[in-house]
Amino acid sequence: MVGVSTHLPTADAQDPESHARTARLREALLAAAFTADGLLELLGAPAYAALARSETVPALRATRGDSPLETLVRLFLLQRPVEPRRAQAALPVEDCLADGWLVRDGDELRASVDVRPYGGPEGQDWWIVSDLGCAVGGAGGIRGTGEADRAELVLGVGGASTTLAGITVRRPVAKALDLGTGSGIQALHAAQHARRVTATDLNPRALRITALTLALSRAGTADLREGSLFEPVGDETYDLIVSNPPFVISPGARLTYRDGGMGGDDLCRTLVQQAAAHLNDGGYCQLLANWQHVAGEEWQDRLRSWVPRGCDAWIVQREVQDVTQYAELWLRDAGDHRADDETYAARYDAWLDEFEARKTHAIGFGWITLRKSGSNAPSITVEEWPHPVEQPLGESVVGHFDRQDYLRVTDDAALLAAHFRLADGVVQEQVGLPGAEDPEHVVLRQNRGMRRATKVDTVGAGFAGVCDGSLPAGRILDAIAQLVGEDPVLLRDRTPASIRMLVEQGFLEPVAAEG
């Protein structure tokens, strides 16, 4: 693999000639079907999946022909030089040389950056630009680069970036901020529903690459600003803030794209705490983060303490790793596993020394969503959910906070007078021994969104099953009480807590009374 390119291509939207050359390049990519769908069709699912693991041999075998698509895959994804005649059949070569997308390598041509096809949420054909070797597999796939080069790497599409894109609320807004833009993936998405997008990054290379991603994808523009955290935006406020920050908890700050440069999880904490001052009323801040599990401290309490005043929060821990697993993951990411044994052991020790000094025994990873509600009684939900979910989850995020608003102002009497309906995609499962007259327990399960499951008793199952919006909750409970021979007053007294739980978790939805 080739190291980080000193020179990046240009795509100046203000220069008519450069703009026209970028347009011709885009047309060539489309004509060759160098798109997410075209790539999958060419490579097949196994080779496509292997490429995401930074394994290139299957893709190389699938691109031994002379078609334009095969040439583009070799150039921009596999970083293989090609003969000029092959490049000429796939691309406007002179345009690409003029703007720096291609460079001469002896008698052959090679790409100066990775360009990865990426499918937009409404079927758009986009391309994410990143440093060589970083479109797939992460920085661990780079060979032959020095520490100075690695520190400036700009990664392309990865699991973290697509996760954040999927959970982001996609409502039309006036202003959005992509903090720590990297290769511009979040800015690309935000430009589809925000009238104005600001993208910031500490790494000036990232801002240049974001400009390339936006220009090549022809998906809007962004105000690009250099600096750390909220420094570049002063006291400006936004309706949406998204960030896939350098959240890795590491000893030092070797790699700008991943290491925050603050001690422990201080960067993520600082970002969360400062976000409220930059949110408009009703605005969302959504980010990915790592946090420490510290001896003698509940991790949930640690995260609750981060939430700024006036904000509701939904924090979901998706994964936990012990400190050895965590250190090994990021040592591999940096390519340290290829060093000699003594150097690798010294770096491993440095990670464990850092965790020991901070009394950290594990690291959590997950999503943090803030909503500026201004409430004096904020809703702060901190939960662990390692199970599969259905992306995109943006509307599920909105639904979560809507339900919190409803429950916050609805007392038990109002709850029993309210009408509910069973949410779409909820099914009931009965668990018990074969042939038994009654099930041991009943489970309600969501087939969409967070895909939650919860045990309910027979009253809860019966209540949920008949909720179609036509009757108030109290009337339904009275009918159930008559069926099971229970005192309706006692049933009304003990059931609101269960109804609240079903509403909070999205199994039941409050609706206006029919008529």
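I began at Arg-421, whose bridge partner in S17 is Asp-468. A reminder to myself before going on: this is a predicted model.

**Entry 1: the sheet around S13 and S17**

I looked up which strands pair here. Strand S13, residues 419-422, pairs with S17 in the antiparallel sense, over two bridges. Then I traced the whole sheet and found three strands, open, in the order S17-S13-S18, with antiparallel pairing. Strand S17 (468-472) and strand S18 (508-511) are the edge strands; each has a single partner strand, so one side of each has no neighbour in the sheet.

**Entry 2: Thr-410**

I moved on to Thr-410, which I found in the loop between helix H15 (394-409) and helix H16 (412-417). Is this residue buried or exposed? Thr-410 has 8% relative accessibility, and the cut-off for buried is under 20%, so Thr-410 counts as buried. I then checked the side chain of Thr-410: one of its polar atoms lies 2.6 Å from the backbone oxygen of Tyr-406. Leaving out residues up to four places away in sequence, I listed Leu-415 and Arg-500 as what Thr-410 touches.

**Entry 3: Asp-265 and Gln-292**

Asp-265 sits in the loop between strand S8 (238-243) and helix H11 (266-275). With 2% relative accessibility, Asp-265 counts as buried. I looked for what Asp-265 touches beyond four places in sequence, and wrote down Ile-249, Asn-290, Trp-291, Gln-292, Arg-302 and Trp-306.

Gln-292 was on that list, so I followed up on Gln-292, which lies in strand S9 (residues 279-294) and counts as buried at 4% relative accessibility. Again setting aside residues up to four places away in sequence, the residues that Gln-292 touches include Ile-249, Gly-264, Asp-265 and Arg-302. Also among them are Arg-358, Thr-360, Ala-362 and Ile-363. I checked one C-alpha separation too: Gln-292 and Phe-355 are 63 residues apart along the chain, and their C-alpha atoms are separated by 9.0 Å.

**Entry 4: helices H13 and H14**

Phe-355 belongs to H14, where it is one of the residues meeting H13, and I looked up that helix pair next. Helix H13 (residues 323-333) packs with helix H14 (residues 341-357) at an angle of about 135 degrees, and their axes are 10 Å apart. That angle makes H13 oblique to H14. I noted the crossing of H13 and H14 as right-handed.

Which residues in H13 meet H14? My list for H13 reads Val-323, Thr-324, Tyr-326, Ala-327, Glu-328, Trp-330 and Leu-331. In H14, they meet Tyr-344, Arg-347, Tyr-348, Trp-351, Leu-352 and Phe-355.

**Entry 5: helices H1 and H10**

My last stop was helix H1 (residues 16-31) with helix H10 (residues 204-217), which pack at an angle of about 65 degrees with their axes 9 Å apart. H1 and H10 are therefore roughly perpendicular to each other. From H1 I noted Thr-22, Leu-25, Arg-26 and Leu-29, which meet Ala-215, Leu-216 and Ser-217 in H10.

Key:
Residues numbered from 1 in each chain as written. Predicted model: local features only at pLDDT ≥ 70, side-chain atom pairs only at ≥ 80, totals over all residues. Heavy atoms only, no water. Helix = DSSP H or I, 4+ residues; strand = E, 2+ residues; numbered from the N terminus. Buried < 20%, exposed > 50% of the residue type's maximum accessible area, 1.4 Å probe, protein only. Polar contact = N/O pair within 3.5 Å; in protein donor to acceptor, adjacent residues only side chain to side chain. Contact = heavy atoms within 4.5 Å. Pairing = 2+ DSSP bridges. Axes fitted to C-alpha atoms, helices over the stretch in contact; angles between N-to-C directions. Parallel < 35°, antiparallel > 145°, perpendicular 65-115°, else oblique. Left-handed = near helix turned anticlockwise from the far one by under 90°.
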